[in-house]
Amino acid sequence: MLMLRSIFTYVALLLVIIVAGCSSGRKVFVEHDYSYETNFKDYSSYTFLECERDTNNLCTEIYEAIRRQMQVRGYKLTAEKPTLLVNYGIFYDNLRYQGYMQPVIKNWVDTENDGFRYEPIKYALDKGTLIVSLIDAESDQVVWRGYASGIFKGVENSNNHYRSVVRRIFDQYPLFAKGYDPRRYSEAVGR
């Protein structure tokens, strides 16, 4: 009986630790929206627009994190005729934002089903929101927007906090540049 109690106590403690670990990862809310009128398979290069607000080199840190995420997806940074423009902004106050309930972007890109509709959804985003926009360079239309709110929570716990936030935003964009084969890239890195 004593052994059964010890096992139960151990399992209960383990569950508390797991739940606490999962809840700390949810401090930052991440979501994205995209345009159904976009052929995401045509994009291969990008350049940055200026950060909308810079405080304590935060824009530089986020710039580097976005650059890494674009590079991993095979996009080339260039000032000569980029196909995408990358814009990002940091909002320090609470923010009301209208997003959209949409299918997972990868599923939509694979099917390009014209039957999907935009289902508006209103968000009340917490203080500290990072919005990253990918803009078609030819039409100047936003084709994808990823956002994370509550980005200032947990900053003291991690040296790479903003890099992690940007990675979580780009986890919502699992697409690769035109002509890029991620398997070939990983094989070259492994050598």
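## Basis and confidence

Residues are numbered from 1 along the chain as its sequence is written.

The average pLDDT (the predictor's confidence in each residue, from 0 to 100) is 81 for the chain, and 78% of the residues score at least 70. Confidence is highest in strand 3 (residues 76-77), at a mean of 98, and lowest in helix 1 (residues 2-25), at 37. Over residues 1-26 pLDDT stays under 50, and the model has one contact (heavy atoms within 4.5 Å) beyond four places in sequence for them. Where pLDDT is low, the predicted coordinates should not be read in detail.

## Overall fold

The chain has five helices and eight strands, taken as DSSP runs (H or I, at least four residues, for helices; E, at least two, for strands) and numbered from the N terminus. Along the sequence they follow the pattern α-β-β-α-β-β-β-α-β-β-β-α-α. Among contacts between residues at least 6 apart in sequence, 78% join residues at least 24 apart.

## Surroundings of Asp33

Asp33 lies in strand 1 (residues 29-34), and beyond four places in sequence it touches residues including Tyr97, Gly99, Trp144 and Tyr147. The side chain of Asp33 makes a polar contact with that of Tyr147 at 3.2 Å, where such a contact is a pair of N or O atoms within 3.5 Å, one able to donate a hydrogen and the other to accept it within protein, and residues adjacent in sequence count only if both atoms are side-chain atoms.

How values were computed:
Predicted model: local features only at pLDDT ≥ 70, side-chain atom pairs only at ≥ 80, totals over all residues. Heavy atoms only, no water.
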